Amino acid sequence: MNKQDIIIDLNQSINSNSEEFKSLSFDLQGNILSPHARDNAAHIFIEFKNPQSARKFIKYYLVDRITSSAKQKADSDAFKTGESNGLRTFINFSFSMNGYRFLNIDEHKTPTDSSFRNGMKSKQRNLNDPLIDFWQGEYQKDWHAVMIVSNKSSKILRNRVSTIKKELNKAAKSIYVEIGKGITNNEGNHIEHFGYVDGISKPHMLTDKIDDGKVSIVNWNPKGRLNLALVEDPGGQGPNSFGSYLIFRKLDQNVKAFRLAEQKLAEKMQISIDYAGAQMVGRYRNGTPLIPISPPQPTSAGKMNDFNYSSDRTTGSKCPFGSHIRKTNQRNSSIPDGVQFPRRGITYGGNLSENAESGVGLLFMAYNSNIGSQFEFMQSSWANSTGFPGGANSPNGIDSIIGQGNDTGGQVYFKEWGNDSSVLREIKSLGGFVTMKGGEYFFTPSLSFLKNI
Ligand code: HEM
C-alpha cells in the first residue's frame, strides 16, 4: 500500500475532487462512475484466437489506451475550461466469463457473481427473454470480450476503430461491431426511439452536481453509494482496485406499434395521445414527470427529477403503477434502493422514425455490483411481474415499455389525472414493443489486472 492510498468505504458516494476519488480512479476504468458522454460509440465484440496473442494485445497495445476514471475526469475538466476540444476518444474493455476461461485466468482472480459466471443465456427463462435461437445471430455466439470505443465525431471514431481492428486482427479470431448513435430532440436533450427524453434519473455515485447545488434533492436524493456498481476486482493489484459488472442487451424497438398503442389508448379513454403515452412511460416526451405538478402538462417541467410518489401510493392515479419509471424505481425511501444502478445505454439504428418496426432501438448497458439482485431483479421481479407493486387496483400488469412475458391481468390507466375512480383496466397488458435481440454479462476489470494479465 502506498502512502497516498486510503481505505475506501464503498458504502458512500464521493465527489470527484476528493482524496477517495484520487485513490481509486487511476485503476478504475471510465464510464462506470459517470457516462462517457459521447454520441458515437462502437461496441467491438471479440473472440480471441489463443490466450497468448490475447494477452499480448491487452498488455502491449490496449491497456495504455484505455480511459481510466481519472483520465475521463481530466478530459472532462479540460473540456469545461476550454483547454480541450472534447474530441478525445474514450476506450474501455470488459471480459465475459468465457473470456476469463479462454485466457486461463486463475480462479482466485476471477469475479465471483454467479449470473456473470453462468452468462446471460443461462437466464433466458428467468428474464422471459426470447429463445436463444431467435436472438440476432451475432449474439448467439459466446464472445470473450467487448470494447467500447467512442468519440463525439463519427469520422474520428471510424478511423480509430479501423486502426484498432488492424491491431485486433492479430489477436482475434472474429469480431463484431455494434454501432450506437445518440439522438436528440429539438431542445438538444437525448431521447430514445419512442421519442421520450432518456437518461434523466440515475444514481449519482459522483456527487459533484449535487454538491454544487445543480441538482435539487428536496423530495428525492439521487446520491448513489459506490457499491451500487463497484466491487473489488479479485485480479487487481492495489488496495483500491475495483471493477464492475457490465450488462449489455440489444433492445429493438417497434416504434410503429408503440405509436399505435398510444393512439388506441388515447381514443379509448378520450384523452390526448401525449397523456396516454405519458401514462405508459411515467413522463411526457420532454421528460416532465406525472408527479408532482398538478396536473402536469406535456410542456411543463422537462427533465425534473426531484419528486417521489408519496401523494400517489394507493392507486397510482397520478402516475400509473405499470408505467416504466414507476415499475423500475418506486422512490419509496429517500435515496436509491439497493436495486438501482447506473444505466449507460445508447440508441442505435439512425434517426427517429415514426414508422420503424425494427432495426432501431437501445443498446441497453448498465453497471452492477450484483447482477441477480439489481438488473435481473428489476427486470424479472418488477418489470415482468403483474403483481408488482400491488396497491388498490392490483394486479397492475407488466411494465408498459419493457415488460416481457404473457400477461392476462392487464394494466391500469386513468382517464383523469389524480381521480382514483376514473380507472380503466386494459384486458391484456400493452407491451411487446421492445424485443431483446441478445446480450451478455461482462466484467470491466481494474487496469492493474489487465497490465499484469
Ligand atoms: C428500449 C428499452 C427502454 C426504453 C425505451 C426506456 C426508456 C426510458 C425512459 C424514456 C426513461 C425516463 C427517463 C429517465 O428517467 O431517465 C427511463 C427511465 C428508466 N429506465 Fe428505461 N428504457 C428502456 C429499458 C430499460 C431497462 C431494460 C431497464 C432495466 C431493467 C430500465 C430501467 C430504467 C430505470 C431504472 C429508469 C429510471 C427510473 C427513475 O429513477 O425514475 N429501462 N427509461
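Reader: Is Arg331 buried or exposed?

Author: Arg331 is buried, because it has 21 C-beta neighbours inside 10 Å. The term has cut-offs: buried means 20 or more other C-beta atoms within 10 Å of the residue's own, exposed means 12 or fewer, and partly exposed lies in between, with C-beta atoms placed from the backbone. This is a predicted model, where local features need pLDDT of at least 70, side-chain atom pairs count only at pLDDT 80 or more, and totals for chains, interfaces and linings use all residues. Numbering starts from 1 along each chain as its sequence is written.

Reader: What is phi of Arg331?

Author: Near 50 degrees, a positive value in a residue other than glycine. Arg331 sits in the loop between α11 (324-328) and β9 (346-348). Helices (H or I, at least four residues) and strands (E, at least two) are DSSP runs, numbered from the N terminus.

Reader: Where does Asn31 lie, and what is its phi?

Author: The loop between α1 (19-25) and β1 (40-48) holds Asn31. Its phi is near 80 degrees, again positive in a residue other than glycine.

Reader: Why does Asn31 count as buried?

Author: Asn31 is buried because 27 other C-beta atoms lie within 10 Å.

Reader: Now the peptide bonds. Which residue does a cis peptide bond join to Pro389?

Author: Phe388. Omega of that bond is about 0 degrees. Pro389 is in the loop between α12 (375-383) and β11 (412-414).

Reader: And which residue is joined to Pro395 by a cis peptide bond?

Author: Ser394, with omega about 0 degrees. Pro395 also belongs to the loop between α12 and β11.
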